[in-house]
Amino acid sequence: MWSWFCQEHFFVYPHCAISEQIEAANMEVTRVRKLLLKEEIDAQHFREIKRENEKKIEMLEVRLIEASRVSTNIEPLLGKAVSNLVHLDELYKEGDVKRKRVIIGSIFPEKLVF
């Protein structure tokens with residue numbers, strides 16, 4: 001399950017989702033280990049699940065390293081955001097109903113009924 005931060009900042013921090021997938025795979029291994037200790041699964045089944053998750057973790061770690069190498073240039077996005085904020089009143093006044101809903105929805109993220 002993605003945290004709020006990852007959902008809101010996915011394009012700026014793509015490594016966040018990968019880290020959470022790694023954590024989920026580690027938690028799965030921990031869960032299966034507990035089942036093994038309770039003797040609810042056998043050792044062979046545990047090894048298979050552990051091996052699958054270790055492969056998954058290795059692939060995700062490679063993706064995480066690649067994602068951290070890519071530097072995200074947010075300068076154009078930042079410039080556009082500042083420009084939109086400076087001219088927010090004009091954008092609202094000149095906008096159609098759809099644009100106005102988007103502006104209001106970005107200011108008030110709760111579910112509004114129109």
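Helices are DSSP runs of H or I with at least four residues, strands are runs of E with at least two, and both are numbered from the N terminus.

The structure is a predicted model, in which local features need pLDDT of at least 70 and side-chain atom pairs count only at pLDDT 80 or more, while totals for chains, interfaces and linings use all residues. Residues are numbered from 1 along each chain as its sequence is written, and side-chain values use heavy atoms, with hydrogens and water left out.

The protein chain has six helices and zero strands. Along the sequence, its pattern reads α-α-α-α-α-α. The chain has 114 residues, and 16% of them count as buried. Buried here means under 20% relative accessible area, exposed means over 50%, and partly exposed is in between, with a 1.4 Å probe and protein chains only.

I come next to the salt bridges. A salt bridge is a side-chain nitrogen of Lys or Arg within 4 Å of a carboxyl oxygen of Asp or Glu. By this rule, the count is two.

One of them joins Arg-31 and Glu-28, whose closest N and O atoms are 2.8 Å apart. These two residues are three apart in helix H2, and therefore about one helical turn separates them. Arg-31 is partly exposed, at a relative accessible area of 43%, and Glu-28 is partly exposed as well, at 27%.

A salt bridge also links the side chains of Glu-54 and Lys-50, at 3.9 Å from N to O. Both residues lie in helix H3, four residues apart, which is about one turn of the helix. Glu-54 has a relative accessible area of 37% and is partly exposed; Lys-50, at 27%, counts as partly exposed too.

Helix H3 also holds His-45. This histidine is partly exposed, with a relative accessible area of 35%. His-45 and Val-32 are 13 residues apart in sequence, and their C-alpha atoms are 9.1 Å apart in space.

Between helix H2 (15-37) and helix H3 (43-69) there is a loop, and Glu-39 lies in it. Glu-39 is exposed, with a relative accessible area of 70%.

Let us now consider the largest pocket. On a 1 Å grid over the protein atoms alone, a pocket is an open set of points where a 1.4 Å probe fits, with protein on both sides within 12 Å along at least five of seven lines; lining residues have an atom within 4 Å of a point. Eleven residues line the largest pocket, and Asn-84, Leu-88, Val-102, Ile-103 and Ser-106 lie nearest its centre. Helix H4 (75-86), helix H5 (88-94) and helix H6 (97-107) are the elements that each give two or more residues to this lining. Which element gives the most? Helix H6 does, with five residues.

Finally, helix H4 is also the place of Leu-78. Together with Val-82 and Val-86, Leu-78 makes a nonpolar surface patch of about 270 Å². Such patches are made of residues with over 30% relative accessible area and no salt bridge, where like charges are joined within 9 Å and nonpolar side chains (Val, Leu, Ile, Met, Phe, Trp, Tyr) within 5 Å. Accessible areas come from the Shrake-Rupley method with a 1.4 Å probe, and for residues only the protein chains shown count as cover. Leu-78 itself is partly exposed, at 46% relative accessible area. Thank you for your attention.
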